[in-house]
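Please open the model in a viewer and display the chain as a cartoon.

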Amino acid sequence: RGSFNTTSFSHYDFFEFAVKGYVKMRLDKEVISMKKEDMERLSQALMGGAVVSIVFAAIGYLGTDIWLASTQWLLVAAVLALFGVYAKLS
């Protein structure tokens, strides 16, 4: 029945194999079903999140941190903007 060796295949390996397979299956379905309008909307949402993060950073700079420090909000804004540009280009 094939070369499946149960002695060298631990529970952790099985879990990792199952999760990777499920994630790949979900990503294949989701990436294929993304339309140009959806990518445009995703890009706008990510850029909007970047702007909101910059506003939170400015509020934190004035003295009242909102959940994260100002520098952390700037990092969040940079990551969101980066993914927003990537979504816009793809």
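The stops that follow cover the chain, a pair of helices and one serine.

This is a predicted model, in which local features need pLDDT of at least 70 and side-chain atom pairs count only at pLDDT 80 or more, while totals for chains, interfaces and linings use all residues. Residues are numbered from 1 along each chain as its sequence is written, and side-chain values use heavy atoms, with hydrogens and water left out.

**The whole chain.** Select the chain: 3 helices and 0 strands are present (DSSP runs, H or I of at least four residues for helices, E of at least two for strands, numbered from the N terminus). Of its 90 residues, 13% count as buried (under 20% relative accessible area, with a 1.4 Å probe and protein chains only).

**Helices α2 and α3.** Next, select residues 36–61, helix α2, and residues 70–89, helix α3; their axes come within 8 Å and cross at roughly 165 degrees (lines fitted to C-alpha atoms over the stretch in contact, with angles from 0 to 180 degrees between N-to-C directions). The two helices are therefore roughly antiparallel to each other, a term for angles over 145 degrees. The residues of this contact divide into 18 nonpolar, 6 polar and 3 charged (Ala, Val, Leu, Ile, Met, Phe, Trp, Tyr, Cys and Pro count as nonpolar, Asp, Glu, Lys and Arg as charged, and the others, Gly among them, as polar).

**Ser53.** Finally, select Ser53 in helix α2. Ser53 counts as buried because its relative accessibility is 3%. Leaving aside neighbours within four places in sequence, Ser53 is in contact with Trp73, Val76, Ala77 and Leu80 (heavy atoms within 4.5 Å).

Conventions
Angles under 35 degrees count as roughly parallel, over 145 as roughly antiparallel, 65 to 115 as roughly perpendicular and the rest as oblique. Buried means under 20% relative accessible area, exposed over 50%, partly exposed in between (1.4 Å probe, protein chains only).
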